[in-house]
Amino acid sequence: MIQNYRSKIPEILRNREEELLSAWTEAQLTSNQRPDLMTESEMRQQSKEFLNLLRRAAQNGNLADISTPEWSELCDLLADISRTRALQGFSPVEMATFVFSFKQVLFEHLRQELGGDVEALASEIWSASVLLDSLGLYTTEIYQKSREATIQRQQQELLELSTPVVRLWDSIVAVPLIGTLDSARTQIVMESLLQRIVDTGSSVAIIDITGVPVVDTLVAQHLLKTVAAARLMGAECIISGIRPQIAQTIVHLGVNLTDVVTKADLSSAFALALQRTGFVVTRAQNRP
Amino acid sequence: MISQRRETLSILSAEDVVRVRQKVREWAVALGFSLVEQTKLVTAASELARNTFAYGGGGAVQLEIVGNTLHLGLRLTFEDRGPGIADVELALKDGYSTGGGLGMGLGGSRRLVNEFEIESRMGEGTRVTITKWK
Amino acid sequence: MERIPILKMGEFLLVSIQVEMHDQLALTLQDDLTTMITRTNARGVLIDISALDIVDSFIGRTLGDIAAMARILDAETVVVGMQPAVAITLVELGVSLSGVRTALNVEKGMERLRDALGLAAGSRADDLSTA
């Protein structure tokens with residue numbers, strides 16, 4: 001690319017905006033319009049906004065790097081259009097084609113403007129290509145990201161459903177952890193436990209890890225932090241269901257559980273919790 | 001909605017420390033950070049703003065949105081022209097303090113954010129930059 | 001001058017921190033509380049921080065100082081209502097608040113105070129009046 005050659009693209013975008021817009025919308029109507037998903041006027045509106053912001057962003061002369069601040073408005077617009085179109089049912093290819101279909105239109109106008117100057121034309125076509133390719137690819141990234149976000153949100157909802165915090169008695173809640181714990185999951189469970197403690201006004205929380213096959217340092221640390229946080233809030237935690245292997249791992253890892261109350265199983269933890277909250281269980285007088 | 005990507009607040013009084021907390025909270029909410037992540041960031045900002053005011057003789061903080069739509073973050077840069085920190089490593093250790101109490105909160109603040117950079121020169125000043133990614 | 005109000009609840013004092021606490025306010029509070037404890041012979045202090053969405057090391061220190069001062073004046077302190085996000089952050093920050101008792105809410109806080117002081121539940125009529 002010729003370094004000190006100032007691109008004519010910003011100028012063309014400025015002076016020929018109307019022509020470019022109508023040529024582009026025509027092109028879209030004949031090739032990649034999806035009348036079943038979007039009306040013509042919506043398409044014209046999106047194209048118009050795109051061109052407007054493209055023109056503005058390009059005025060700085062930087063056509064190579066779309067991560068700079070001057071391109072952020074256009075990128076935000078593309079993100080919006082991408083998300084809207086995704087919801088409407090457009091495929092990521094169709095979305096990218098929206099941007100790529102502008103190339104032909106722009107190249108045609110560059111040819112008209114620069115005519116005989118072959119070197120300049122080649123350079124300009126390259127710049128335009130690089131720019132529109134980045135923008136088209138950007139829409140694909142956005143599409144992917146929003147799909148990932150949806151999947152993550154669904155995963156989170158599943159997680160919350162699968163680790164319910166149960167209210168065992170007045171002032172006592174329990175969370176039975178099941179399955180392998182990873183850092184992210186443990187964090188979510190712990191945050192929801194603390195919130196439930198507040199919601200139910202519980203002063204004792206039992207964390208039962210009978211169903212957890214493996215505990216590594218990270219998980220152990222999360223558990224300890226949760227116990228500490230609950231204590232700061234005014235609630236005590238009891239960890240129950242520590243299997244022999246886990247007890248060994250914990251000592252080998254050097255994790256310090258000395259000021260955490262632990263009980264062999266949920267039932268003894270519950271008995272202790274009742275005691276701590278001032279309840280006594282007695283057998284009814286008349287038993288049939 | 002935040003219109004600019006950058007803003008500077010001066011930290012010259014205790015009220016300014018409060019103002020910094022409120023502004024950081026506002027930006028963190030607008031960027032969509034979770035409640036816990038907001039709380040961590042605002043708390044770190046509070047610690048550092050307080051240091052700037054109490055030990056640095058006053059200074060300023062710059063809030064900046066970094067990254068792009070795919071990967072958004074909030075960067076805070078605290079700067080003062082104070083006496084500087086003699087031993088940064090020591091200051092980062094929990095419990096270290098010249099002013100009595102729990103220490104300058106530097107080590108703790110580092111744990112609350114994703115990126116933490118500190119530059120300090122004796123007699124010239126200190127700059128602490130923290131970043132939290134969404 | 002801005003002050004944090006202190007309410008008298010039976011033989012306990014209740015402080016509800018609703019505003020952003022800056023240095024001067026913290027000092028004024030310590031001043032007012034110690035004076036009030038002595039004047040009313042209060043045996044317990046409840047500090048309600050349920051409205052605080054940030055507790056940094058300065059505020060942590062302040063709470064610790066208040067508990068220590070109260071103890072010297074023969075009163076126990078309980079801090080109540082810490083929000084989960086605040087608790088999680090304090091643990092990460094490394095603030096332990098050792099020497100400060102905590103409870104989930106005012107009601108539980110009063111129970112704790114009674115336990116700590118060896119008083120029977122409801123032994124004193126709990127009248128609410130502004131001290």
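Which residue with a positive phi follows α1(B)? Select B:Gly32: this residue comes after α1(B), and its phi is near 85°. Helices here are DSSP runs of H or I with at least four residues, strands are runs of E with at least two, and both are numbered from the N terminus.

The model is predicted, so local features need pLDDT of at least 70 and side-chain atom pairs count only at pLDDT 80 or more, while totals for chains, interfaces and linings use all residues. Residues are numbered from 1 along each chain as its sequence is written, and chains are lettered from A and ligands numbered from 1 in the order in which they are written.

**Stop 1: α1 of chain B**

Select residues 14–30 of chain B. These 17 residues form helix α1, whose end C-alpha atoms are 25 Å apart, in agreement with the 24 Å that the helix should span at 1.5 Å a residue. The expected span is 1.5 Å times one less than the number of residues.

Next, colour the buried residues of α1(B): B:Ala14, B:Asp16, B:Val17, B:Val20, B:Arg21, B:Val24, B:Trp27 and B:Ala28. They cover an arc of only 150° around the axis, which puts them on the same side of α1(B). A residue is buried if 20 or more other C-beta atoms lie within 10 Å of its own, exposed if 12 or fewer, and partly exposed in between, with C-beta atoms placed from the backbone. The arc is that of the directions from the helix axis to the C-beta atoms.

To see what these residues pack against, show β1 (6–11), α2 (35–54), β2 (59–68) and β3 (71–80) of chain B, together with α1 (23–40) of chain C.

**Stop 2: where chain C meets chain B**

The contact takes 19 residues from chain C and 21 residues from chain B; two residues are in contact if their C-beta atoms, placed from the backbone, lie within 7 Å. On the chain C side, α1, α2 (57–72) and α3 (84–93) each give two or more residues. α3(C) gives the most, with 6 residues.

**Stop 3: chain A as a whole**

Zoom out to chain A, which has 10 helices and 5 strands. Its radius of gyration is 31 Å, well over the 19 Å that the globule rule gives for 288 residues, so chain A is more spread out than a compact globule. The radius is taken over C-alpha atoms, and the rule is 2.2 Å times the number of residues to the power 0.38. Along its principal axes the C-alpha trace spans about 105 × 45 × 30 Å.

Colour domain 1 (9–151) and domain 2 (166–276) of chain A separately; the bounds come from an automatic or database domain assignment. The centres of the two domains, over C-alpha atoms, are separated by 54 Å.

**Stop 4: α3 of chain A**

Select residues 40–58 of chain A, the 19 residues of helix α3. The buried residues include A:Met43, A:Phe50, A:Leu51 and A:Leu54. Down the axis of α3(A), the buried residues fall within an arc of 165°, so they line one face of the helix. The cover over them includes α1 (9–15), α2 (17–30) and α4 (72–88) of chain A.

**Stop 5: A:Leu135**

Finish at A:Leu135, in helix α6 (residues 118–162) of chain A. A:Leu135 is buried, with 22 other C-beta atoms within 10 Å. Not counting residues up to four places away in sequence, A:Leu135 touches A:Ile66, A:Leu78 and A:Val99.
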